[in-house]
Amino acid sequence: MRAGKKHLDFEINLIPFIDLLSACICFLLLTAVWVQVGSMDVKQAVGGQPASETPKKPTLWVNMGSSGELTLNIQDSKKVPAKLQKLAVKGVDGKMNFAELDVALKELKGLEPELRTALIQPQAQSVYEDMIALMDQFKKQGLVDLGVSPL
Amino acid sequence: MIGSTTVKSSLFTSLATVSILNPKGKREKKSIFADLLLTALIDAFSILVIFLLMSFSSSGDVLLLGKSIELPKAGLGLMLERYPVIKVEDGKLFLEDKEIKEADLVAEMMKLREQFKEMHPQQEYPGIVTIQADRRIKYEQMNSIVVASGNAGFSDIKFAVLMK
């Protein structure tokens, strides 16, 4: 008795697999978060500990002007010469000049590598977006401890 | 190039069935079932699933973004964590989605603090608040929140931003 030749090829039923993948794609597309929300962390620049208890460390105070100008004032630093302790960065077309600010920050960072704290003093008319952009710029230059002062 | 190859191959296939190569001129029966190339489809689906899984966020929504609020953009923001949220929307203040008056902000924040202490007596209150506001608003509108946060003992502020 001769047995029939066994068929060696076999077929996988791909339809359930495609169904599963389609269901997965639909679920993931519906639940996907397309906007990534982060946070810019700051501390209260005024208040908290008494001044006598606060350890002295180089601090950069930044005053935001109404037409984009910035006044940088470095405090508690012995390495930065007196003429560089107060700098002004003029605005361009009513906006902040980030290129010039970058140069000034690099110079200050070069003189005072311990400089990590920047405290922002906005005006009542300062735009929130500009404040965040300024904080972002400070973070890029390694000033990671940020603070904001109330009016 | 591809087009011409297709034309040639189809031409030769059809020629193969006619007199010279197949003198009897017998035509092959055409199958009525169309063959779908499923491998490519499954490949594409798999790549899509992998991409979507990679970008899947398991942390959930920390903030509900309304249409009237457009967050400012930042490149070096940190990951947003769940803390009490103060929202400024259309000139109104919301603490945890509950509309409050500016004068009641400190009291409401103190309540949150007390609630946390009751629920977690062993833990120290972190004193962190998240502020969600439109990118175009002036600082004078946010000043009351900053002051109230300080008065209520919330020394750390997290400004919600969109990551660039």
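Helices here are DSSP runs of H or I with at least four residues, strands are runs of E with at least two, and both are numbered from the N terminus. This is a predicted model, where local features need pLDDT of at least 70, side-chain atom pairs count only at pLDDT 80 or more, and totals for chains, interfaces and linings use all residues. Residues are numbered from 1 along each chain as its sequence is written, chains are lettered from A and ligands numbered from 1 in the order in which they are written, and side-chain values use heavy atoms, with hydrogens and water left out.

**View 1. The fold of chain B.**

**View 2. Contacts and surface of chain B.** Of the contacts in chain B (heavy atoms within 4.5 Å) with a separation of 6 or more, 63% join residues 24 or more positions apart. Chain B has 164 residues, and 33% of them are buried, meaning under 20% relative accessible area with a 1.4 Å probe, protein chains only.

**View 3. A:Asn97 and its surroundings.** Look for A:Asn97 in the loop between β4 (86-89) and α2 (98-111) of chain A. A:Asn97 is buried, with a relative accessible area of 16%. Leaving aside residues up to four places away in sequence, A:Asn97 touches A:Gly68, A:Val89, A:Lys90, A:Gly91 and A:Val92.

**View 4. Polar partners of A:Asn97.** The side chains of A:Asn97 and A:Glu100 make a polar contact at 3.2 Å. A polar atom of the A:Asn97 side chain also lies 3.4 Å from the backbone nitrogen of A:Ala99. A polar contact is a pair of N or O atoms within 3.5 Å; within protein, one must be able to donate a hydrogen and the other to accept it, and residues adjacent in sequence count only if both atoms are side-chain atoms.

Terms used
Buried < 20%, exposed > 50% of the residue type's maximum accessible area, 1.4 Å probe, protein only.
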